[in-house]
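Dear colleague,

Please find below the structure that I am handing over to you. I would be grateful if you could look through it before reading the notes that come after it.

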Amino acid sequence: MIGFLRWMRRVALGTLNGIAMFAFLVVLIVAALFIVGLIEGDGMPSRMVLSLDLRSSPPDSSRAPDFFFERRTPTVMDTVLALDRAGRDPRVKGLFLQLGGGLSVAQAEEIGAALIRFRATGRFVVAYAQGFLDSGLGDYLTAASADQIWMEPRSPFSASGTGAGALFLRGLFDKIQAVPQIVKRSDYKSAADMYMEKGYTGPDREQTTAFLQSWYNSAVKSIAAERKLNSKDVTAFLQTSPQFAEDARRAHLIDALGFDDQAKHAARDRAGRAKFVAIGDYAHATEDEGMIGQGPRVALIEAAGEIVDGTADHGSLGGSQVMASDDYAEAFRKARKDSSVKAILFRIDSPGGSVTASAQILEAIKEAQAAGKPVIVSMGPLAASGGYFVSSSADRIVAEPATLTGSIGVLTGKVSFGKSLALLGVGAADIGVGNNALFDSAIEPFTPAQLANLNAQADVIYADFKQKVAQGRKLTPAQVETIAKGRVWTGADARPRGLVDDLGTFWTAAGAVKTALGLSPDTRLVFKLYPEKEGFLEMLADLLSGSATGIRAAEGVSTLMRSPVMGTLMNAIDGAPRAQVQFKATNLPAQ
C-alpha cells in the first residue's frame, strides 16, 4: 500500500511538473515572439495588396480570440477597421476581393461603404467572382463598390432579387399531439408564428414583403449609383437573371472576364508587383495601432448574438456568440468609470432575447449617459426586439438602410410534449407543490388560470417596452403604438417613423460621436474595444477547466443531428419560449 501511494505521489508530481513546464514553454514562446516583433515591427511587407475572401459570410463582430497560431475568420467589423488603417498605411496599394458566399444586403452596405472609403484614399479595389451564385443581391452589391469587377468566363450571374422563407411547426405539433401555447404582443410578432401557425399570417406576409421590397430598392439604387447606370436598366437585367458573365459584361455590370490568377495579376500589376497579404493577417498585425497616438478616446462596444442572462461561456474555444448581460453591463460600467473615455459607440447585431438581460444592459447604458458620456448606436444587419430595446435610450441611432430593427413586442409561452411522449410509449409525469410550481412544465399544458397569468405578464412587459421607447425616442404613446405591435422595419423605413436618426454605416455613427463631442469631422478618434477579448492563456485555462460545454464540443454530435433539416427543427424547438416573456425577433431571413 505504501509503495502504491509513493507511486501515486510520483505520478501527481510528474503531472504537475509537466503542466508547469508547458506553461513555462508558452511564456517563453510569447516572450520570443514579442522580442522578434520589437525588432521586425509588424512584419508586413513594404509594398502590399490586401486580399479579402468573402466566399463565406462573416459574423458582424465576435469576442472569440485567435486560437494559438490559427487566426479566426475576420468579422465585418475587423474588416471595416482594418481597411481604415490600411487607408492611412503607405505600404498598402489596394485590395483584391473574392466574392460568392451569399452576403446579406446589410453586410454589403457596411463592407461596401468601407471599400468606398478605402478607395477615396487613392487605393484600388479589384473584385473577383467565380460566379455570383446566390440569387440574393448582397454579393454583387458589395462588388459594385470596387473599381473593377472580374468574373470567370461562362460563370453564372444569378443575382436577381430578395427573398425569404420561414419554418412553421404547427402541422408537425398537431401530428405528434404537442400543445403549443405561445402568446404574442402583437399581430406582427412573427417569432410566435413558427409554433402557432401553419403558414404566413396576413400581418407577417405584409411586413416580410415590405422589408424585402425595401432591401431590393436600396440595393438597386446603390448598384446604379456605383456603376453609373440607370436604375431601370439594372432592374431590367436583374429581372432576367440568372444569366452568364458575358451577359453581365454587355450590360456593364462587370468589367472583365478571366480566371482568378488573371485577376490577381491585374491587381498586382496595378500595385507595382506588391505582395498579397490576407486582411486577417494585416488586421492582427496592426490592430493595436488604434490605441496609439493623440485623439479623443471612444469606447467601442461590439455586441452580437442573442441576449442572455449572466456571463458568456468560454469553455468551447472562445465561447458562444451571445450578448451576455453581465459582460455587457460591465463593459458599459467600465467605459463610464474610465476618465479617458469621452463617449461610447455601441455596435449591435442581435435578434434580442431575455427581458431581464436586456433591462440590465439598458440600465448600464443609461448610467453611462447620466455620467455625461454620449452613447451612439451603430446597428448592423439586425437590431430587433431586445436588440432595439437596449438601443432605445441612445443619444443617436444609426442604422444601415437594410438593417432589420424595431419589432417592439414580446412573446411568451411554451410547447408541451406530454401526449407526444405517450405516442412513443414513454410515460412522463410531473409532481409539484404549489399552484404554479409546474408553470413551465414541458409535459403538461397551461391551465386556463395559468394562461391568464401569462397574458397579464405579456401585457405588463409590452407596455413597459413601449414606454421606454417613447421616453428614449421622444415619441408620444400613440406614435409608438403605430410602429410597435411586434413589426420589423428596415432602417430605411424606420427612419421616417422616428425609430432611428440616421441612415449609414459604422463610420456614419463615428461621425455622430464627433458631433456629440463638438469635434471637427476630420478629428481622428481612438477606439478602445469592450468587452476585452480573451487571450490564448485565458482561453486555455477555460478549456482545462473541464466545463460541460467544452466536453460537449470535444465529443461533437451524432450524425442525425448534423442533418440540416433535423438541426433546424431541433434549434427551433430549443428556441421556443419556456413560459417566460422574451424580447425575440427570430425566423427572420438573412438575405
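The following notes set out what was found, from the whole chain down to single residues.

This is a predicted model, in which local features need pLDDT of at least 70, side-chain atom pairs count only at pLDDT 80 or more, and totals for chains, interfaces and linings use all residues. Residues are numbered from 1 along each chain as its sequence is written, and side-chain values use heavy atoms, with hydrogens and water left out.

The chain as a whole

The chain has 23 helices and 22 strands; these are DSSP runs numbered from the N terminus, helices being H or I of at least four residues and strands E of at least two. Of its 591 residues, 49% count as buried, where buried means under 20% relative accessible area, exposed over 50%, and partly exposed in between (1.4 Å probe, protein chains only). The accessible surface is about 27,000 Å², and carbon and sulfur atoms account for 56% of that area; the areas come from the Shrake-Rupley method with a 1.4 Å probe, and for residues only the protein chains shown count as cover. Among contacts (heavy atoms within 4.5 Å) between residues at least 6 apart in sequence, 78% join residues at least 24 apart.

The sheet

Six strands form an open sheet with parallel pairing, in the order β8-β4-β3-β2-β1-β9. Its edge strands, β8 (256–257) and β9 (275–278), each pair on one side only. Two strands pair if DSSP finds at least two bridges between them; β4 (residues 148–151) and β8 run parallel and are joined by 2 bridges. Within this pair, Met-151 stands opposite Leu-257 of β8. Helix α11 (residues 279–286) lies across β1 (48–54), β2 (92–99) and β9, and runs at about 75° to β9. For such angles, axes are lines fitted to C-alpha atoms, for helices over the stretch in contact, and angles run from 0 to 180 degrees between N-to-C directions.

Salt bridges

A salt bridge is a side-chain nitrogen of Lys or Arg within 4 Å of a carboxyl oxygen of Asp or Glu, and the count comes to 23. Asp-84, which is buried at 15% relative accessible area, forms a salt bridge with Arg-88, with the closest N and O atoms 2.7 Å apart. Asp-84 also forms one with Arg-117, at 3.0 Å. This second pair links distant parts of the chain, since Asp-84 is in helix α2 (residues 76–86) and Arg-117 in helix α3 (residues 105–119), 33 residues apart.

Asp-459 and Arg-185 meet in a salt bridge of 2.7 Å, N to O. Asp-459 lies in helix α16 (residues 448–473) and Arg-185 in strand β6 (residues 179–185), so this pair ties together parts that are 274 residues apart in sequence. Arg-185 is buried at 14% relative accessibility, whereas Asp-459 is partly exposed at 40%. A network of salt bridges links Asp-60, Glu-110, Arg-347 and Glu-400.

Backbone points to check

Most residues other than glycine have a negative phi, and most peptide bonds are trans. The bond from Arg-185 to Ser-186 is cis, with omega near 10°, and a cis peptide bond also joins Ser-241 and Pro-242. Ser-385, not a glycine, has a positive phi of about 55° and is buried at 0% relative accessibility. Lys-474 likewise has a positive phi of about 55°, but is exposed at 73%.

With kind regards
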